[in-house]
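This report reads a protein model from the whole chain down to single residues. Please keep the sequence and the 3D view open while reading.

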Amino acid sequence: MIGVETEVAKRNAAYRAVDIVLERGYKLIGVGTGSTVEKFIEELSKRLGAREGVLFVPSSISTALLLRREGFRVLDASTVDFVEVYVDGADEVSEDGSMIKGGGAAMTLEKILAYSSLFNVFIVDYTKKVKRLGERHPLPVEVVPQALNIVLRKLKSMGLEADVRVSGRGKYGPVVSDLGGVIVDVRVPEKADLNELSETIESIPGVVSTGFFKGFTDLLIVGYSDRVEELRFTRKKGVHLAE
Ligand code: 5RP
């Protein structure tokens with residue numbers, strides 16, 4: 001259950017991201033998925049005067065719907081080769097700016113947009129800060145449906161606990177992402193090197209991506225009930241960077 005304090009903390013982080021987007025005058029904006037991002041869109045809608053000339057690239061159908069409802073112009077990711085800024089939330093963040101994402105099953109397109117972006121801003125409430133990634137949230141893995149049993153067998157043989165994510169209501173069976181992949185949640189073992197684990201999982205045929213984001217963060221805004229903390233990182237991954 002999300003408390004009032006957490007809601008205010010999410011809002012504070014989201015509103016600070018709106019300040020930055022408006023100050024810098026971005027015109028091509030990638031937008032993530034989730035409740036913190038919703039606050040960002042709603043506040044941006046209130047404060048952005050003229051809509052003309054500003055284009056948005058959503059990471060999910062739910063974000064696209066909200067952007068359209070607020071009267072914004074939306075482009076499909078397939079029509080762009082970069083965005084100027086990308087704003088998104090996260091499920092867990094560590095002190096080096098690495099994250100676990102995918103609580104909304106949208107991490108594949110989120111990672112693509114974050115990779116394409118010139119500047120990445122992640123907005124989280126203070127409860128998302130952890131000492132060890134995976135301590136509360138499993139690692140989401142998107143899998144091509146036809147590969148599901150084979151991938152589950154491989155994960156099991158690696159000694160990992162993996163559960164196919166099922167929808168709470170409104171649909172029987174697995175959660176299927178907007179891209180058509182099934183979401184599998186993998187418990188992160190306490191001693192695991194998450195970077196290595198994610199790379200190994202991503203090398204299994206049929207795995208599309210994991211929700212581990214390392215090296216994508218330019219700016220992390222952590223919201224509290226009465227303030228925000230801004231943490232800057234040296235970006236390592238991006239289409240515009242020599243890696
Ligand atoms: C969606 C995500 C979200 O950014 C993450 O789940 C955080 O959501 P919220 O802002 O609702 O806490 O990765 O795939």
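**The chain as a whole**

The model is predicted. Its chain contains 6 helices and 14 strands. A compact globule of 243 residues would have a radius of gyration near 18 Å, and the chain agrees with this because its own value is 17 Å. The C-alpha trace spans about 55 × 45 × 35 Å along its principal axes.

How much of the chain is buried? Buried residues make up 49% of the 243 residues. Among contacts with a separation of 6 or more, 73% are between residues 24 or more positions apart. The chain exposes about 12000 Å², and carbon and sulfur atoms supply 52% of that area. As for charge, there are 33 positive and 35 negative side chains, and the centres of the two sets lie 1 Å apart.

**Helix α5**

Helix α5 covers residues 148-157, and L148, V151 and L155 are buried in it. Why do these residues sit on the same side of α5? They cover an arc of only 70° around the axis, which puts them on the same side of the helix. The face turned away from this buried side carries the exposed residues N149, I150, R153, K156 and S157.

Just after α5 comes G159, which takes a positive phi of about 80°.

**Residue A106**

A106 belongs to the loop between β6 (99-100) and α4 (107-116). Is A106 buried or exposed? Its relative accessibility is 8%, and the cut-off for buried is under 20%, so A106 counts as buried.

Which residues does A106 touch, leaving aside its neighbours within four places in sequence? A106 is in contact with T33, S59 and S60. A further pair shows how sequence and space can be set side by side: A106 and V176 are 70 residues apart in sequence, and their C-alpha atoms are 9.9 Å apart in space.

Conventions:
Residues numbered from 1 in each chain as written. Heavy atoms only, no water. Buried < 20%, exposed > 50% of the residue type's maximum accessible area, 1.4 Å probe, protein only. Helix = DSSP H or I, 4+ residues; strand = E, 2+ residues; numbered from the N terminus. Arc of directions from axis to C-beta. Rg over C-alpha atoms; globule rule 2.2 N^0.38 Å. Contact = heavy atoms within 4.5 Å. Areas by Shrake-Rupley, 256 points an atom, 1.4 Å probe, with all protein chains shown as cover. Lys, Arg positive; Asp, Glu negative; His and termini not counted. Charge placed at Lys NZ, Arg CZ, Asp CG, Glu CD.
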